[in-house]
Amino acid sequence: MIPELADPLSPLFPLLVENGSWELKRAVKHAVGPFGLILIFIYSFLIAVVLPFPSEVVLAAPLNLGVPEWITMALIVVVSSIGKALGSVFALTIGDKTIHSGPVIRAVERTGIDIVRISQRKTVQIAQQYGYLGLAAALCVPGFPDTLSIYAFTVIEQNYLKFAAATFIGSVGRLVIWLAGIEIVFLVF
């Protein structure tokens with residue numbers, strides 16, 4: 001074994017397959033150094049696209065970047081929010097292609113329930129009433145899976161820049177709410 005390779009690769013060890021499943025969530029909780037920021041970005045991107053996990057997990061990463069804690073938390077919030085905003089644009093692309101996909105539409109029509117029309121109606125109603133603020137507010141709700149909110153809004157949305165901005169703002173809001181809650185708990189106890 002080459003000793004100099006052990007330290008640089010140690011952040012990868014939590015990513016190893018354990019019991020047949022990837023441990024990305026656990027890896028984020030143990031991420032350190034600049035590589036940890038990359039893991040946070042990847043995790044946040046995947047949260048927006050496919051993972052039904054809470055995005056707050058990124059706040060548990062002990063990055064140990066050698067900077068004050070508030071800078072570390074600010075970096076986590078920004079990197080996570082950028083990852084989620086880019087992931088939401090990817091999800092928007094997937095959602096748009098799915099809605100216009102012949103096989104998907106035919107499969108939905110065979111169920112006898114017009115899922116697309118029902119979801120569009122509800123989403124259009126929410127989007128018309130609250131717009132991008134509705135998306136940002138939905139993403140601020142702690143513990144609620146981001147993937148659901150993002151895909152709900154992809155049904156009607158076509159403006160990638162506004163969609164990414166609303167996702168970014170909602171992601172920052174959610175993480176700031178968590179950080180404020182943590183500070184309040186430590187002040188009280």
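Helices (H or I, at least four residues) and strands (E, at least two) are taken here as DSSP runs, numbered from the N terminus. On that basis, the protein chain has eight helices and zero strands, and its elements run α-α-α-α-α-α-α-α from the N terminus on. This is a predicted model, in which local features need pLDDT of at least 70 and side-chain atom pairs count only at pLDDT 80 or more, while totals for chains, interfaces and linings use all residues. Residues are numbered from 1 along each chain as its sequence is written, and side-chain values use heavy atoms, with hydrogens and water left out.

- Buried residues make up 36% of the 189 residues in the protein chain, where buried means under 20% relative accessible area, exposed over 50%, and partly exposed in between (1.4 Å probe, protein chains only).
- The accessible surface of the protein chain comes to about 11,000 Å², and 72% of this belongs to carbon and sulfur atoms; areas come from the Shrake-Rupley method with a 1.4 Å probe, and for residues only the protein chains shown count as cover.
- Of the contacts in the protein chain between residues at least 6 apart in sequence, 73% join residues at least 24 apart, a contact being heavy atoms within 4.5 Å.

**Nonpolar cores**

- The largest nonpolar core has 19 residues, and those with the most contacts inside it are Val28, Ile40, Tyr43, Val58, Leu63 and Ile76; such a core is a set of buried Ala, Val, Leu, Ile, Met, Phe, Trp, Tyr and Cys residues joined through side-chain atoms within 4.5 Å.
- Two or more residues of this core come from each of α2 (24–29), α3 (33–49) and α4 (69–99), and α3 gives the most, with five residues.
- A second, separate core of nine residues includes Ala91, Leu92, Phe153 and Phe163.
- Within the largest core, Tyr43 belongs to helix α3 and counts as buried because its relative accessibility is 0%.
- The C-alpha atoms of Tyr43 and Ser80 are separated by 8.0 Å, although the two residues are 37 apart along the chain.
- Apart from neighbours within four places in sequence, Leu63 is in contact with Ala31, Val32, Gly33, Gly36, Leu37, Ile40, Thr72 and Ile76.

**The salt bridge of Arg174 and Glu56**

- A search of the whole structure finds one salt bridge, defined as a side-chain nitrogen of Lys or Arg within 4 Å of a carboxyl oxygen of Asp or Glu.
- Arg174 forms a salt bridge with Glu56, and the closest N and O atoms are 3.6 Å apart.
- The pair links distant parts of the chain, with Arg174 in helix α8 and Glu56 in the loop between α3 and α4, 118 residues apart.
- Both partners are buried: Arg174 has a relative accessible area of 0%, and Glu56 has one of 9%.
- Side chains of opposite charge can pair when their charged atoms come close.

**Contacts around Arg174, Lys84 and Asp146**

- Not counting residues up to four places away in sequence, Arg174 touches Ser55, Glu56, Lys84, Leu139, Cys140, Val141, Pro142, Gly143, Phe144, Pro145 and Asp146.
- Lys84 lies in helix α4 and counts as buried, at 1% relative accessibility.
- Residues touched by Lys84, beyond those up to four places away in sequence, include Ser55, Asp146, Ile150, Ser171 and Arg174.
- Asp146 is found in helix α7 and is likewise buried, at 1% relative accessibility.
- Leaving aside neighbours within four places in sequence, the contacts of Asp146 are Ile47, Ser55, Lys84, Leu139 and Arg174.
- Asp146 and Ser171 are 25 residues apart in sequence and 8.8 Å apart in space, C-alpha to C-alpha.

**The buried face of α7**

- In helix α7 (residues 146–154), the buried residues are Asp146, Thr147, Ser149, Ile150, Phe153 and Thr154.
- Seen down the axis of α7, these buried residues fall within an arc of 165°, so they line one face of the helix; the arc is that of the directions from the helix axis to the C-beta atoms.
- An α-helix has 3.6 residues a turn, so residues three or four places apart point the same way.

**A nonpolar surface patch**

- Ile184, Val185, Leu187, Val188 and Phe189 make a nonpolar surface patch of about 610 Å².
- Patches are made of residues with over 30% relative accessible area and no salt bridge, like charges being joined within 9 Å and nonpolar side chains (Val, Leu, Ile, Met, Phe, Trp, Tyr) within 5 Å.
- Leu187 is found in helix α8 (residues 160–188) and counts as exposed, at 71% relative accessibility.
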